[in-house]
Amino acid sequence: MIILTVVLGVAVLLLAAHFFSLRRQLRRIDKQLQARLTEDKYQPLDVELLNKDLNRLTATINKWLKQEEDKGLMRIRDENHFKEMVADISHDLRTPLTAIKGYLQLVGSEELSEKQKEKLRIAEKHADELGDLLEHFLEYSYAINAGQTLNFEKVELSQLVADCLIEAEPLFNDKGLKLNFETESFAYADLDREACMRLIRNLINNALQHSPSDITVRIYTSINSVTIMFANAVDCPLDTERIFDRFYTSSKKGSGLGLAIVKMLAQQMGGDAYADLQENILSIFVVFSMSVDN
């Protein structure tokens, strides 16, 4: 009986030692995985315990991690290749488009009949639309694939929007559109200034392109947010659930990329964009969190 008790005691001690050793190895594996997540370490996992099942599990995890690393490297190579391809497309398309516009200007300087002038105006209009489409495509492609680091700073949105509107004033005058700009005294948010200017310019271009009448721009704040609102009349039906989708357009005007770029840039800066349509008045809202130092 004593011998059996001793044997059982030794067995319990061995099992307890093995159990605690397994726990220690699992904590070791967890620590290594945490290091890979937080410190960008890519060493394979290792264990000290000679346990067949644990070793098999560790080998499987290492195999999966290696596959994910290979996929990541391939994705980076593909993105770099894509950016190079976009740059090449940019050059290949911009060069002949510039030549086309140049020749159209030369034709316009000659003596033309009214019928020929009208045809020339149509050709120039389509050349300008192609140029806008090209710029939107390149901007969208770059923004979605570049993976650039945003430089956040405290931005006063009222002044930034006002500067962009002043910059676009000749375009409003050319189209005979009246601009109503309403803002609170200060509206701060932590944003990337360059990305935010691109967002605002896309909102302006969208309103200029689609509005048959006056445009209202409003900046206002709530307890924790700052909102930019662009509102204008529209003369065609719109699906506000799809208006930010790539290439969505309800008419023959525009590429459908301008508002997709707006939403993407807003989300990259921690905000969002949504639309509302009431009695043929389309309102685009871009919302950002208010600066904590405000």
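How are H6 and H7 oriented to each other? Keep that in mind for the second view. This is a predicted model, where local features need pLDDT of at least 70, side-chain atom pairs count only at pLDDT 80 or more, and totals for chains, interfaces and linings use all residues. Residues are numbered from 1 along each chain as its sequence is written, and side-chain values use heavy atoms, with hydrogens and water left out.

**View 1. Helix H4 packs against helix H6.**

**View 2. Helix H6 packs against helix H7.** H7 covers residues 258–268, and the axes of H6 and H7 lie 9 Å apart at about 150°. So H6 and H7 are roughly antiparallel (over 145 degrees) to each other.

**View 3. A closer look at the residues where H6 meets H7.** In contact (heavy atoms within 4.5 Å) are Ala-195, Arg-198, Leu-199, Asn-202, Leu-203 and Asn-206 of H6 with Gly-258, Leu-259, Ile-261, Val-262, Leu-265 and Ala-266 of H7. Sorted by class, that's 8 nonpolar (Ala, Val, Leu, Ile, Met, Phe, Trp, Tyr, Cys and Pro), 1 charged (Asp, Glu, Lys and Arg) and 3 polar (the others, Gly among them).

Terms used: Axes are lines fitted to C-alpha atoms, for helices over the stretch in contact, and angles run from 0 to 180 degrees between N-to-C directions. Helices (H or I, at least four residues) and strands (E, at least two) are DSSP runs, numbered from the N terminus. Angles under 35 degrees count as roughly parallel, over 145 as roughly antiparallel, 65 to 115 as roughly perpendicular and the rest as oblique.
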